[in-house]
Amino acid sequence: MTSAPHGGNGSIHQPQPPRQLMPDAITLPAEILTRHRARVLDPTTAVKPRDGKWPLSTVYRSDVMLVPAGDARELRKNGERAVPGEDINGVLGRIGLELRPPRDDGWNGVVDRLPADVGVPVPLRWRDDQPADRAPDPWAGYVVLRDALGERVDNYGLDHLLMPASITFEGTPVTQGPSIGTPVTQGPSTAGGIVMHTGDRNPVAVLMPRPVRPKAASLPGGRRPVVAVLDTGIGPHPWWNGQDPADPIYEVAQDFQDQLAAVEIGIGQLSPTQPSPLSSPFETRDEIDPLLGLTDSHSGHGTFVSGLVHQLCPAAKILSLRVLHSDGFSTESAVVLALNWLLDQVANHGRQIDVVSMSLGFYAETATVPEAQQVRGLIEQLSARGVLVVAAAGNDATTRPFMPAAFARGTGSAANGVELLGAVGARNAAGDTTAAFSNWGDWITLWAPGDGLVSTVPLWQGAAAGDLALLDAAGLGPDVRTAPDPDDLRTGFAVWAGTSFATPVIAGMLADALTTTQTCTSGTTAGTKRAKDALKSVKAELIDRGWKKKPPVSARQGEEEIPTT
């Protein structure tokens, strides 16, 4: 049976693929941009590269570029005109700019320890002979370098501002959540808006017992799976207060925090408007406006994430690296430093790390996923050593790639992604429908509930109060009757929403799957197979739980699963 051609050219009409919807406008409050020395790239006024491709809107540090550590060392060696300054600063000089490595012992001490290809933030300045009427723009510098030097500067780039993947739009002193496009009103219950999620770190009471942690000796191989959590740090909680120092539920990485603080201080991260360097591994409550005593928008985020990992795999050990500030923001360079630290621990110090969980990300200036990128390269190196990585897909109801999750191996255009990287989208609480806020794309490979989740938060009491407080002078009831206090976290538990929290659900499931297998040394063929088997097991469990549809037979035969909404 044949069908007649449509149209006058004799060709058969083929259905067009659905158009990818990518909101171009990223908006952030001026307070956040000032706090993190960031700017928003405006595609309508930005310098265009020679290939004519329009950049998309992105947010990046306004006074630095990511530069390979080896080049940064060479730039520093004999002053700003040293090789590779003859090509790098020579090209930048065409528009009056130059890279100036800090003359700071702490910054230099960290950079000297890094592999040559790992990116570090280097200040971008106007040349001394160039009159300046505005701040230098790293985007303009990046474009002129790419146009002139091509692949020579593949490891150069913007220091993107990273945002959390949790739903919190009630921060202090202004709304602190990101705003990518305008899908619908995202507040929990605003007049005339659509309820998009359940939970804004609202306090709840949990009456069930704490998770039971098995003895390490009872696990195959006698070792706990280790989950590295890159987040806001970790805070006090009854589930791990008084933990056994010989077999702790969580550990922190003070060496990493010292490195991160040294880099931040070295590039001038100590102006009055900026948050303190992340030298402590522990959460802070009211860093942004301590005079008011209000709990910052993302304080407790890392503790919440860690609690979800602990619920899904009580046997796991959590390694907490603090990379996010209490307003939920960070920089690409901070995450690059964290991933390199983890890689160094695995490759050079024999440390066992099984899963890395990242509830954060950024939207790059390109509509497609970059092939060469600092974070991607480090994830690939970790994956090559059998380390599983999971990253949040983002909360903006868009198909625009959210890095680093978009580096995952999905379907279609994402088929060449990183195999052991899981990009995690959010389901609603029941698990059978996609959360309205969750991003979508060929690169999303895993799905888990990310709405209305309950987990641990530090036992804090902020200065905010409920909208109602009534003294019972007539003696007709309790002494004081109040509405809920939004930052009374003394119960130690809260309900929150976002792909931020679907991500540690998957991390915990992966860790739990690893407890059933014999321990293998990182970097070995057996270790990589163990990681792949755990990922395959979790994908099957997601289908069994109804969180992911069963892929077609053709996809199962190729062991590729098709992302579904």
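Start by selecting R210 and P238: the backbone oxygen of P238 lies 2.9 Å from a polar atom of the R210 side chain. Keep in mind that you're looking at a predicted model.

**Stop 1: around R210**

Stay on R210 and show what surrounds it. Leaving out residues up to four places away in sequence, R210 touches P238 and W239. Where along the chain are you? R210 lies in the loop between β8 (200–203) and β9.

**Stop 2: the open sheet**

Next, switch to a cartoon view and pick out the 7 strands of an open sheet. Follow them in the order β10-β11-β9-β13-β15-β16-β17, with parallel pairing. Look at the two edges, β10 (250–252) and β17 (446–449): each has a single partner strand, so one side of each has no neighbour in the sheet. From one strand to the next, the twist averages 25°.

β16 and β17 pair in the parallel sense over 4 bridges. Which residue of β17 is the bridge partner of R427? Select P449 and you have found that partner.

Now show residues 499–514, which form helix α10. This helix lies across β9 (226–231), β13, β15, β16 and β17, and runs at about 160° to β15.

**Stop 3: helix α9**

Select residues 374–384 for helix α9, and colour its buried residues: Q374, V375, R376, L378, I379, L382 and S383. What covers them? The cover includes β3 (59–68), β5 (119–126), α8 (332–349), β13 (355–358), β15 (388–392) and β16 (421–427).

At the start of the helix, show the side chain of Q373: one of its oxygens reaches to within 2.8 Å of the backbone nitrogen of V375. Then go to what follows α9, and you'll meet G386, which has a positive phi, near 80°.

**Stop 4**

How many of the 8 residues in β5 are buried? The count is 7, so to speak a mostly covered strand. β3 and β5 pair in the antiparallel sense over 5 bridges, and M65 stands opposite V122 in β5. Now bring up β4 (residues 97–99), which pairs with β5 in the antiparallel sense over 3 bridges. Here, L97 stands opposite W126 in β5.

Key: Residues numbered from 1 in each chain as written. Predicted model: local features only at pLDDT ≥ 70, side-chain atom pairs only at ≥ 80, totals over all residues. Heavy atoms only, no water. Buried < 20%, exposed > 50% of the residue type's maximum accessible area, 1.4 Å probe, protein only. Contact = heavy atoms within 4.5 Å. Polar contact = N/O pair within 3.5 Å; in protein donor to acceptor, adjacent residues only side chain to side chain. Pairing = 2+ DSSP bridges. Axes fitted to C-alpha atoms, helices over the stretch in contact; angles between N-to-C directions.
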